[in-house]
Amino acid sequence: MLKEFLNLISEHKQKESGRALAAMALALLLSASPGLAQEKLDAGGLTFKDFATQDRGASFDRRDPMLPEPPGPAVARVLEIDSNKGLARIRFEPIKAEISVPLGWRAFQEPERGTAFNADRSYRLLVWRLDFPFEGVRDAEHYAATKGGTIRARHPSTKVQAHKLADGTFLIIYENAPPAQGDQEARTVFDVVIPDPNNPKAGLLMTLGVPMSQTDRGLKLAALLKKTIKVDW
C-alpha cells in the first residue's frame, strides 16, 4: 500500500515537506519512453481492430437483466457492439464509468472495480475509483510519485517511469514486473491516473497489464482505452 511508503519517509525522518517529497519523487521517475509521444499517449495508428477477435460480441455474455446474477463477479453491462471498429462499449455500473474494449474480450464488475481481459488473459484491464486521502496521499500527483516509489522498493528489478500528460492525467509504467500465476513471462503494467475535475481528492485509476514482450503494443492499447473512458464524476 502507498501508506507503507509514506511510513518509510516518516521513519527516516525526512525534513522536506510532503509536497516537496512528492515533487522530487515524481521528478526522479520522469523519463522518456519509446513509443510515448510528447506529453500524451498515442496509439501510433493502431485501432481496436488490431487487438480484436471478430466474434460480433459473442465473448460478452449479455444476460437478461431480469434474471439473478450467478455467484462471483457480475458480467459488465454491454452498451454497444461495433464490429466495424472492433470494439464493445462497456459500463461498469458500480464505479459509474464506461470504456471501450476490443471484441473477443470479457468484462466483469465487482463492488469497487471493473475488470476486462482477452481470451488467454495475457492482457488484463482493471478500472477503479481512487480516494486519495484513503490511500494516504493528497492528490493525483502525490499518488503517482508515491506508488512508483512503493513498487520500486518492493521489486528493485522493476523499472518505473512516471509521466505527467498534457491533459493533467498521469501515466506510470512498470517494466519487468513479476509475472502472476499462469503468466509466461514478466509483465509491463500501465497505470493511468485520472483526477476528478471537480474534486482533487478523488480520481479514477485504469491499469493495463501485458506481457513484457508486447510493451509497445500495450502502450498503444492503453492510449486507445484512455481515449474512450467516460466517468460520471
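User: Hi! How many helices and strands does the protein chain have?

Analyst: Hello! The protein chain comes to five helices and 12 strands; helices (H or I, at least four residues) and strands (E, at least two) are DSSP runs, numbered from the N terminus. One thing to keep in mind is that this is a predicted model, so local features need pLDDT of at least 70 and side-chain atom pairs pLDDT 80 or more, while totals for chains, interfaces and linings use all residues. Residues are numbered from 1 along each chain as its sequence is written, and side-chain values use heavy atoms, with hydrogens and water left out.

User: Got it. What share of the residues is buried?

Analyst: The protein chain has 233 residues, and 49% of them count as buried. Buried means under 20% relative accessible area, exposed means over 50%, and partly exposed is in between (1.4 Å probe, protein chains only).

User: And which share of the contacts joins residues at least 24 apart?

Analyst: That is 57%, taken among contacts between residues at least 6 apart in sequence. A contact here is a pair of heavy atoms within 4.5 Å.

User: Let's zoom in. Where is Phe92 found?

Analyst: Phe92 is in strand β3, which covers residues 87–92. Its relative accessibility is 1%, so Phe92 counts as buried.

User: What is Phe92 in contact with, leaving aside neighbours within four places?

Analyst: Quite a list: Ala76, Ala97, Ile99, Ala107, Phe108, Gln109, Gly114, Thr115 and Val127. Take Gln109 from that list: Phe92 and Gln109 are 17 residues apart along the chain, and their C-alpha atoms are separated by 5.9 Å.

User: Nice. Is Gln109 buried or exposed?

Analyst: Buried, with a relative accessible area of 15%. Gln109 lies in strand β5.

User: What does Gln109 touch?

Analyst: Not counting residues up to four places away in sequence, Gln109 touches Pro73, Ala74, Val75, Ala76, Arg77, Arg91, Phe92, Glu93, Pro94 and Gly114.

User: Which residue does Glu98 pair with?

Analyst: Glu98 pairs with Arg89, and the closest N and O atoms are 3.5 Å apart. Both partners count as buried, Glu98 at 15% relative accessibility and Arg89 at 14%.

User: What about Lys96, which side chain does it meet?

Analyst: Lys96 meets Glu93 in a salt bridge, 2.8 Å from N to O. Lys96 is partly exposed with a relative accessible area of 37%, and Glu93 is partly exposed at 28%.

User: And Arg113, which partner does that one have?

Analyst: Arg113 has Glu110 as its partner, at 3.3 Å from N to O. Arg113 counts as partly exposed at 31% relative accessibility, and Glu110 does too, at 25%.

User: Which residues are joined into one network by shared partners?

Analyst: Arg89, Arg91, Glu93, Lys96, Glu98 and Asp232 are joined by salt bridges that share partners. The Glu98 to Arg89 bridge and the Lys96 to Glu93 bridge therefore involve members of that network.

User: Where in the chain is Lys96 found?

Analyst: Lys96 is found in the loop between β3 and β4, where β4 is residues 97–102.

User: What is the phi of Arg121, then?

Analyst: Phi of Arg121 is near 65°, again a positive value in a residue other than glycine. Arg121 lies in the loop between β6 and β7.

User: How is Arg121 classed by accessibility?

Analyst: Arg121 counts as partly exposed, at 48% relative accessibility.

Note on methods
A salt bridge is a side-chain nitrogen of Lys or Arg within 4 Å of a carboxyl oxygen of Asp or Glu.
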